[in-house]
Amino acid sequence: MQSPLPVRDGVNATRLRLPDEGPWDTAMDYMMHRWGHIDPRGIEDRFDAGEIVGEGGAPLDRSTPLDAHTFIWYYRTLPPETRMPVEISILHQDEHLLVVDKPHFLPTTPGGTYIQESALVRLRNQLDLPDLIPMHRLDRMTAGVLLLSTNPETRGKYQVLFEKRQVQKEYECVSAAAPAAGYPAVEFPAVVRNRMTKSRSYLLAEVLDGEPNAETRIERLRTFSGKHDGGPGEGAGGRRALYRLEPHTGKTHQLRVHMASLGLGIVNDAFYPDLLDKAPDDYSKPLQLLARGIRFMDPVSKREVEYRSGLELSEARAA
């Protein structure tokens, strides 16, 4: 459903669905029920100023009945954010697409404590492109090629490519050169297939029994000595390796789970194979996972295109 409010400061207005019935006479009563314990005066001021609107952009006031609108829109009050010491590089831009190198630590889209400090909001503000929308997502801790649509009129053509899995993606990661103790040796190239789902209890993805819905091809490119021989995440003798990963599906944390399942957890992964205690971001130790390239038949130009990251994984670069 199209928002009647424009993007402001790079952020979309928030949409709220009002209940069909309940012990609330007005829309404001319901908002007070939801958030009045946080900022009751702020809610009243927004209704008085006409900053909360319904379908068609009609402003609501304190007396607007609960059942007058199904959805209402408003701008959230955004908390201050400290700018991350990371930057986005533009790889390509035209009237339909924007392709960038997303750095580690920066989320693709706003959420939680990261609003202004997301790739989408930064780029909307930097390039004055309020209609900018990502065509896919990279985890906050993953760096590399990110494709965004700049043109609502052609956006659907690119969305179809992702829906039909007509986009080839290539990743790189640094892990131990040999599996951890207790895991069998791996012959490369290897293909990992299993059934994955997002955990209901936490952020982690889980592997379940059943028909596989996730597949990754893994190739070992080269081996080298780690920065700290024998340290965490390194194989026997402190050896590490650079791997090429080709996902044929796009499940949450798929590449991290598949590498960990081989006893080859990605260097600096705080989730897999073991969940570490939450700690402040250490910008000197990014997850060693990079979206290296993306390739597809452009539905507008009818030409095959490929975009490659200009970034390098720090552990591989130092080798």
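Colleague: Where is Pro273 in the chain?
Modeller: Pro273 is in the loop between α5, residues 254-261, and β12. Keep in mind that this is a predicted model.

Colleague: And the peptide bond from Tyr272 to Pro273, cis or trans?
Modeller: It is cis. Omega for the bond from Tyr272 to Pro273 is near 0°.

Colleague: What about the bond from Phe188 to Pro189?
Modeller: The Phe188 to Pro189 bond is cis too, with omega near 0°. Pro189 sits in the loop between β7 (168-176) and β8 (190-198).

Colleague: Which residues does Pro189 touch, leaving aside neighbours within four places in sequence?
Modeller: Arg217 and Ile218.

Colleague: How far is Pro189 from Leu245 in space?
Modeller: The distance is 9.8 Å, C-alpha to C-alpha. In sequence, Pro189 and Leu245 are 56 residues apart.

Colleague: β7 came up. Where does Ala176 sit?
Modeller: Ala176 is in strand β7. Ala176 is buried, with a relative accessible area of 6%.

Colleague: Why is Phe105 called buried?
Modeller: Because its relative accessible area is 3%, and buried means under 20%.

Colleague: And phi of Asp9?
Modeller: It is near 55°, again positive in a residue other than glycine. Asp9 is found in the segment before β1, which covers 14-17.

Colleague: Asp9, buried or exposed?
Modeller: Exposed, with a relative accessible area of 53%.

Colleague: Now the aromatics. How many aromatic pairs are there?
Modeller: Eight. One of them is Trp24 with Tyr30.

Colleague: Why is the Trp24 and Tyr30 pair edge-to-face?
Modeller: The planes of Trp24 and Tyr30 are at 75°, so the pair is edge-to-face. Planes over 60 degrees apart get that label. The ring centres of Trp24 and Tyr30 are 5.0 Å apart.

Colleague: Are Trp24 and Tyr30 buried or exposed?
Modeller: Both are buried.

Colleague: What about Tyr158 and Phe296, how are their rings set?
Modeller: Their planes are at 90°, so Tyr158 and Phe296 are edge-to-face as well. The centres are 6.4 Å apart. The pairing limit is 6.5 Å.

Colleague: Where do those two residues sit in the chain?
Modeller: Tyr158 is in helix α4, residues 155-163. Phe296 is in strand β12, residues 289-297. The pair links distant parts of the chain, 138 residues apart. Both Tyr158 and Phe296 are buried.

Colleague: Which residues form the aromatic cluster with Tyr158?
Modeller: Phe296 and Tyr307. The three form one cluster.

Colleague: What sits over the ring of Tyr75?
Modeller: The charged end of Arg8, 3.8 Å from the ring centre. Arg15 lies over the face of Phe71, at 4.4 Å from that ring centre.

Colleague: Zooming out, how many helices and strands?
Modeller: Six helices and 13 strands. The C-alpha atoms fill a box of roughly 70 × 45 × 40 Å along the principal axes.

Colleague: What share of the chain is buried?
Modeller: Buried residues make up 45% of the 319 residues. The accessible surface is about 17200 Å². Carbon and sulfur atoms hold 47% of that surface.

Colleague: And what share of the contacts comes from residues 24 or more positions apart?
Modeller: They account for 62% of the contacts with a separation of 6 or more.

How values were computed:
Residues numbered from 1 in each chain as written. Predicted model: local features only at pLDDT ≥ 70, side-chain atom pairs only at ≥ 80, totals over all residues. Heavy atoms only, no water. Helix = DSSP H or I, 4+ residues; strand = E, 2+ residues; numbered from the N terminus. Buried < 20%, exposed > 50% of the residue type's maximum accessible area, 1.4 Å probe, protein only. Contact = heavy atoms within 4.5 Å. Areas by Shrake-Rupley, 256 points an atom, 1.4 Å probe, with all protein chains shown as cover. Phe/Tyr/Trp six-rings, centres within 6.5 Å; stacked < 30°, edge-to-face > 60°. Lys NZ or Arg CZ within 6 Å of the ring centre and 35° of its normal.
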